[in-house]
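Biologist: I would like to learn how to read features off a structure. Can we go through one together, step by step?

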Amino acid sequence: MRKREKMFSLFLACMMPASVLLTGCGGSQENSGKIEIELVHYKPEAVDVFEQLEEKFNSTHDNIHLTIESPNDAMTILKTRFVREDYPDIIGIGGDINYSYFIDSDILADVSDYPGLTEINPGYVDILEGLEFVPTEGTYGVPYVANAAGILYNREMFKEHGWEIPTTWDELMQLCGTIQSEGILPFYFGFKDTWTCLAPWNALAVDLSPSDVCQQVNAGNATFTNEYRETAEKMLQLLQYGEDGPFAYGYNDACTAFANGESAMYTIGSYAVPQIKSVNPDMDIDSFVMPGSESPDGNTLNSGVDLQFCVTAECENKEAAYEVIDFLLADENVQAYLDDQNAVPCKTGNFNLAPNLDGMKEFIASGNMTDYQDHYYPSEMAVDAQIQTFLIEQDVDAFLAKFDTDWVRYNRDIIQMVEDYNKQNGNQ
């Protein structure tokens, strides 16, 4: 079986109905000798800024015409197009397991010769490298923006009460006790929406587990029962400091409650700030890294590549694609995206970050960051729902045992790939 066909077998179950296979993502553009470059990205919430960038590019480039597509459910559409061998020139995707599949399938071009990579924070390049199922020579994505997750807090409330930012787990637990004793709710969770359970989970796991724990499990060198136990136990500790019945309230409820001052903190990422601000535009929000470790030195920022640009292997004019990426990486265009989406730049430089990232700037500047654990999880495993069930039932042993069992079930092909690679390279 060819490599590309092998990857398709892993995610064909997630495809759209057959009728949709006949629907293209966009029409061809008539032009006067210009090179046509099509970019398809998965951030429909950023459609306005991308429309502005598309117009700006086309008004300043005589030799290239850029079309930017911002479809809903872009990942499904991209997979559909790949099956039909209808490839955009550039795709804008996140750094997650889909990116891993695309590398394994030879869909992406090696962009290690792209000069602009020298301006990217090496920490984010390393995060992408870590997503490869097995070590692959080359670089296959240009990180553009990231997000950061930890704990958002009401800065005005903290100042009013004189609360200090915790740097260890014990300090966080003591702070929660102090806040609670003053009649204020420490956290709002909103765990009715299962994906919100992943926010504190990821932020804790990067402090308490090896960054390559999923690769270690795939290689047979570790188990989640051992590596995730402390994370699971501390998730249960957090639960006692949240709202009553957290599984009855969803993400929007939590954002609204936090915006209205009903809790002092919120375990979520920077991506939630626009939603919170839509309720209370004047709220003074800052954030700090989840202090899951017993030592400040053991903490790391939970940050991953939220958007990267990948050139497809079928792109007929790589130089033109690079010119488009050069344009997108221009400082003023990066800043326009940051302002619109409250994001973190992957490019080094003097960018204006949103005030809610003040407490994380040191970690970003130093490169002390670790990718989201769920970027390695197969969607079929529904880890978010498993975590929600665990938090309801509060049986650590049963949860971890199921995690290990399901991991083997849903990652069988990848585990076999890792085993074959290690045998071929004398690693076993």
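Modeller: Start inside a helix. The buried residues of α8 are Leu 198, Ala 199, Pro 200, Trp 201, Asn 202, Ala 203, Leu 204, Ala 205, Val 206, Asp 207 and Leu 208. Keep in mind that this is a predicted model.

Biologist: How many residues of α8 are buried?

Modeller: The general idea is a cut-off: buried means under 20% relative accessible area. In this case, 11 of the 11 residues of α8 are buried, so the helix is mostly covered.

Biologist: Which elements do the buried residues of α17 pack against?

Modeller: They pack against α8 (198–208), α11 (229–239) and α18 (396–410). The buried set of α17 is Val 383, Asp 384, Gln 386, Ile 387, Gln 388, Phe 390 and Leu 391.

Biologist: What follows α17?

Modeller: Gln 394 follows α17, and its phi is positive, near 60°. Now look at the other end. Ala 382 sits in the loop between β11 (369–370) and α17 (383–393). Its phi is also positive, about 50°, although Ala 382 is not a glycine.

Biologist: Where is Asp 73, and what is its phi?

Modeller: Asp 73 is in the loop between β2 (64–69) and α3 (74–83). Its phi is positive, about 55°, and it is not a glycine. With a relative accessible area of 47%, Asp 73 is partly exposed.

Biologist: Now a loop residue with cover. What does Ser 270 touch?

Modeller: First, its place: the loop between β7 (263–266) and α13 (273–279). Leaving out residues up to four places away in sequence, Ser 270 touches Asn 147, Ala 148, Asn 342, Asn 356 and Leu 357. Its relative accessibility is 2%, so Ser 270 counts as buried.

Biologist: On to charges. How many salt bridges does a search of the whole structure find?

Modeller: The general idea is a distance test: a side-chain nitrogen of Lys or Arg within 4 Å of a carboxyl oxygen of Asp or Glu. The search finds 17 salt bridges in the whole structure. Take Lys 43 and Glu 45. Their side chains meet in a salt bridge at 2.9 Å, N to O.

Biologist: Which class of accessibility does Lys 43 have, and which does Glu 45 have?

Modeller: Lys 43 is buried, because its relative accessible area is 8%. Glu 45 is partly exposed, with 46%.

Biologist: What about the side chains of Asp 86 and Arg 81?

Modeller: They meet in a salt bridge at 3.1 Å, N to O. Arg 81 is buried, with a relative accessible area of 3%. Asp 86 is partly exposed, with 27%.

Biologist: Where do Lys 423 and Glu 419 lie?

Modeller: Both are in helix α19 (residues 412–424). They are four residues apart, about one turn of the helix. Lys 423 is exposed, with a relative accessible area of 54%. Glu 419 counts as partly exposed, at 29%.

Biologist: Which residues do salt bridges with shared partners join into one network?

Modeller: The network holds Arg 155, Asp 284, Asp 286, Asp 358 and Lys 361.

Biologist: Back to α19. Is Gln 424 buried or exposed?

Modeller: Gln 424 belongs to helix α19. At 66% relative accessibility, it counts as exposed. The C-alpha atoms of Gln 424 and Cys 346 are separated by 35 Å, and the two residues are 78 residues apart along the chain.

Biologist: Last feature. Which residues form a negative surface patch?

Modeller: The general idea is to join like charges within 9 Å, using residues with over 30% relative accessible area and no salt bridge. Here Asp 48, Glu 51, Asp 339 and Asp 340 form a negative surface patch. The elements that give two or more residues to the negative patch are α2 (47–60) and α15 (331–341).

Biologist: Which helix holds Asp 48, and what is its relative accessibility?

Modeller: Asp 48 lies in helix α2. Its relative accessibility is 48%, so Asp 48 counts as partly exposed.

Definitions and conventions. Residues are numbered from 1 along each chain as its sequence is written. This is a predicted model: local features need pLDDT of at least 70, side-chain atom pairs count only at pLDDT 80 or more; totals for chains, interfaces and linings use all residues. Side-chain values use heavy atoms; hydrogens and water are left out. Patches are made of residues with over 30% relative accessible area and no salt bridge: like charges are joined within 9 Å, nonpolar side chains (Val, Leu, Ile, Met, Phe, Trp, Tyr) within 5 Å. Accessible areas come from the Shrake-Rupley method with a 1.4 Å probe; for residues, only the protein chains shown count as cover. Lys and Arg count as positive and Asp and Glu as negative; His and the chain ends are not counted. The place of a charge is taken as NZ of Lys, CZ of Arg, CG of Asp or CD of Glu. Buried means under 20% relative accessible area, exposed over 50%, partly exposed in between (1.4 Å probe, protein chains only). Contact means heavy atoms within 4.5 Å.
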